[in-house]
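Thanks, everyone. I will take one structure this morning and keep to what can be computed from it.

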Amino acid sequence: MQACQRVGGPVVAATVDVGRAEVDAAYVLPNPSLGLNLNRSLTGPKDYEAIVGLGVSLGIGGSWFVLQDAAETELRAQRLSAGQTNFDLALRMRARYARAAIASSRVAVYDELSQRMQGLIDRLERLQSGGESSKADVVRLKARRATLALSARPFRSELAAHRGWLSAMAGSPIRIDPSSATRLNQSVARAQQPTKVPHPLVASLLVRRDADALRAEAAERRWAPDISLFAGYRNVGGAGATTGHGFSLGLSVPLTFFDHGQGEARRARAAASLSEARATVARRRLEAARTEAETRREVLDAADPGDDAVVLASRWMEAAERLYLAGEGSILDVLEAYQAVSAARLAELDLEAQRTEASIAWITAAGRLGDRRLDEACAISVGAAAGDSQ
């Protein structure tokens, strides 16, 4: 959680700041204009007129206030985009950690079996001095143990790579808990329930659609002229005449014959339609992916009516070792039992790995991490921001 906040925090803050900048820009008042007019006659009676004053836009058209609403909506969209960024980062880290846990469990299977083989080798080598064991059996065990070491090497490499990536992201060494993949699958299984909270991606698209719709409304209001008021001081005088003082008032009304916002409104409506279309496609795609993940999990989690393969293989291994050490079995039976134990345990881990990938796919499609603490620490809630945008 700390890594999520440390790495994703600057991006989240910068993304939200973009939305806040839009709001700040929308609330900036238009600048007044300074007007200065000097009129003087060159022929006839010598007189002059000077006017100085300020012109202020009255904002009667109403588009200024609608643009403020559009900026507020854009801020909500930026918050949702920031939440999506944080969610993606948290998902990558959780997926990496779960995959590292699976790799760690696989390495543990090979290491435990290798240690068991080494224990049998040690016993046989002690018995060899009394002529009670065949050197060929020791060679067979050592060869199989060396093969186990080679088989474990790719998973050691995978585990080291995942741990290195996680440590680099977190800024400190990471300890891999082999049970984390199981906890991920259990949390996702509990979280697989209907919810009205949309995926952050869908929510951000819907809110951006609302912002574009407001921009279109603001543009359409430009048919109402944005009247400007001018007020100033007036000074009038002439040759041999007393200087007159007064005031000057004026209204400036643009004529919206040709450009009354139709072009800008058209662009904004097209952008809103595009956001809604993308949201529709994303919603359908994510729903399909979530259904696929849930279906996979249902099949993977189905109860196995048969006996536990690992338990049976372990009993076989113990019996084969006892018979061999008692001189009633062969080393080939022992090696076959070892192979059965490793195959059963690795098959269980393959099943757990499939569950993990299905859980990761579900998290990706649902937009939830399946853990309340992680959702609060590494994602921005979209319920309040998008609940009225569906």
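Val253 is partly exposed, because its relative accessible area is 43%, and that class lies between buried, under 20%, and exposed, over 50%, with a 1.4 Å probe and protein chains only as cover. The areas come from the Shrake-Rupley method with that 1.4 Å probe. The model is a predicted one, where local features need pLDDT of at least 70 and side-chain atom pairs count only at pLDDT 80 or more, while totals for chains, interfaces and linings use all residues. Residues are numbered from 1 along each chain as its sequence is written, and side-chain values use heavy atoms, leaving out hydrogens and water.

Val253 sits in the loop between β4 and α6, residues 262-300. Helices here are DSSP runs of H or I, at least four residues, and strands are runs of E, at least two, numbered from the N terminus.

Val253 belongs to a nonpolar surface patch of about 740 Å², together with Leu58, Ile60, Leu229, Phe247, Leu249 and Leu251. Patch members have over 30% relative accessible area and no salt bridge, and nonpolar side chains (Val, Leu, Ile, Met, Phe, Trp, Tyr) are joined within 5 Å. A salt bridge means a side-chain nitrogen of Lys or Arg within 4 Å of a carboxyl oxygen of Asp or Glu. The most comes from β4, with three residues.

Now the sheet. It is open and has four strands in the order β1-β2-β3-β4, with antiparallel pairing; two strands pair if DSSP finds at least two bridges between them. β1 (33-40) and β4 (244-252) are at the edges with a single partner strand each, so one side of each has no neighbour in the sheet. From one strand to the next the twist averages 20 degrees, taken between N-to-C axes fitted to C-alpha atoms, on a scale from 0 to 180 degrees.

Going across, β1 pairs with β2 (residues 47-57) over eight bridges, and Gly35 is opposite Gly53 in β2. These two strands make a hairpin with six residues between them, and Gly44 in the turn has a positive phi of about 75 degrees. Eleven bridges link β2 to β3, where Leu54 faces Ala231 in β3. Nine bridges then join β3 (residues 228-238) to β4. Which residue of β4 is the bridge partner of Ala231? Leu249, which is also one of the patch residues.

Last, helix α8, residues 331-366, spans 52 Å from first C-alpha to last over 36 residues, close to the 52 Å expected at 1.5 Å a residue; the expected span is 1.5 Å times one less than the number of residues. Gly367 follows α8, with a positive phi near 75 degrees.

Definitions and conventions: Patches are made of residues with over 30% relative accessible area and no salt bridge: like charges are joined within 9 Å, nonpolar side chains (Val, Leu, Ile, Met, Phe, Trp, Tyr) within 5 Å.
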